Amino acid sequence: MTELSDAQRELARLFADSHDGIALTGAGISTESGIPDFRSPGGLWTRNKPIPFDAFCASAEARAESWRRRLAMEDVFAAARPSTGHKALTALTQAGVLRGVITQNIDNLHQDAGLVPARLIEIHGNTRYATCIDCGLYHSIDSVAESFAQSGGQAPECLSCRGRVKTATISFGQAMPEHAMTLAVQWAQAADLFLCLGSSLTVYPAANLPLIAARSGATLVIINREETPLDGYADLVVRAEIGEVLAPFVDTGPDLLRSGNP
Ligand code: NAD
Ligand code: ZN
């Protein structure tokens with residue numbers, strides 16, 4: 001563990017040397033945006049046992065319950081704005097330090113912070129829209145909310161095929177998105193710097209990515225307010241709030257960065 005200002009100096013040095021960095025982000029980068037992480041006590045996410053994919057597919061009651069929970073979170077998602085961490089990662093990508101961001105998050109905040117699609121891999125999908133799992137049709141959350149209210153809380157049906165509509169996220173027991181995972185592994189293997197920010201690094205296969213990167217020669221940095229199981233593999237562990245650590249890098253232009261001063 002390193003003191004905050006020392007850590008920021010070390011990060012500035014690593015950023016100045018890196019041309020193919022990758023950031024892996026978890027729920028912790030969005031807590032400063034007002035979205036509770038998985039572990040926060042009393043959070044909506046922890047009060048209910050997750051509904052596995054098979055149960056969602058098999059039962060209209062499970063689908064209705066899943067949508068009841070999702071729509072109860074809509075005000076939180078709609079009000080969330082990118083945090084300092086999201087903004088700093090966009091700046092570092094635009095400055096050519098990072099190739100891009102791999103996120104476990106489903107909240108769309110990296111896109112809201114201006115990260116372009118080619119620079120972002122969402123390995124757990126996105127909850128800001130829905131798709132029909134039978135025919136693939138896109139559904140807006142607003143259209144699902146409307147049908148949910150009109151039907152008195154029934155599971156929504158696809159507007160085209162009357163199939164099952166689900167947020168565009170990956171549930172427990174659901175296959176990982178193959179293309180996204182393949183690309184994420186390629187990015188990890190090619191990385192010269194691999195930053196883990198606000199991920200508990202306990203959810204697999206996401207938690208393998210830092211190890212793949214480190215084994216392939218990347219410098220591994222973990223920024224988290226708590227210990228993680230991979231701290232022992234990291235070259236630099238910064239145990240602090242993400243916003244505080246990355247604040248000096250939000251306005252990072254390539255020139256400022258190359259000077260080595262945060
Ligand atoms: P997690 O909730 O398991 O862990 C979050 C981690 O972030 C913790 O280790 C915590 O110590 C750290 N943290 C929280 N706020 C921080 C801050 N301000 N500064 C530094 N560290 C901070 O999250 P996870 O590892 O991403 O895994 C949970 C899964 O749940 C994810 O895969 C994701 O799909 C889903 N999820 C997503 C969101 C979202 O999209 N915002 C929110 C909750 C859960
Ligand atoms: Zn359909």
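Trainee: How many residues surround ligand 1, and which are the closest?

Mentor: Please keep in mind that this is a predicted model. In it, 27 residues surround ligand 1. The closest are Phe38, Gln104, Asp107, His124 and Asn224.

Trainee: How do those shell residues divide into nonpolar, polar and charged?

Mentor: The shell around ligand 1 holds nine nonpolar, 11 polar and seven charged residues.

Trainee: Which atom of ligand 1 lies 2.7 Å from histidine 124?

Mentor: An oxygen atom of ligand 1 lies at that distance from a polar side-chain atom of histidine 124. Serine 199 also has a polar side-chain atom beside a ligand oxygen, at 3.4 Å.

Trainee: Changing topic: in the largest nonpolar core, which residues touch the most other members?

Mentor: They are Leu11, Leu89, Leu195, Ile223 and Leu246, out of 28 residues in that core.

Trainee: Which element gives the largest share of this core?

Mentor: Helix 1 does, with five residues. Other elements that give two or more residues include helix 6 (84–94), strand 7 (193–197) and helix 11 (242–246).

Trainee: What does leucine 89 touch beyond four places away in sequence?

Mentor: Its contacts include Ala23, Ile29, Val101, His110, Leu195 and Leu246.

Terms used: Residues are numbered from 1 along each chain as its sequence is written. Chains are lettered from A and ligands numbered from 1 in the order in which they are written. This is a predicted model: local features need pLDDT of at least 70, side-chain atom pairs count only at pLDDT 80 or more; totals for chains, interfaces and linings use all residues. Side-chain values use heavy atoms; hydrogens and water are left out. A residue is near a molecule or strand if one of its heavy atoms lies within 4 Å of it. A polar contact is a pair of N or O atoms within 3.5 Å; within protein, one must be able to donate a hydrogen and the other to accept it, and residues adjacent in sequence count only if both atoms are side-chain atoms. Ala, Val, Leu, Ile, Met, Phe, Trp, Tyr, Cys and Pro count as nonpolar, Asp, Glu, Lys and Arg as charged, and the others, Gly among them, as polar. A nonpolar core is a set of buried Ala, Val, Leu, Ile, Met, Phe, Trp, Tyr and Cys residues joined through side-chain atoms within 4.5 Å. Buried means under 20% relative accessible area, exposed over 50%, partly exposed in between (1.4 Å probe, protein chains only). Helices (H or I, at least four residues) and strands (E, at least two) are DSSP runs, numbered from the N terminus. Contact means heavy atoms within 4.5 Å.
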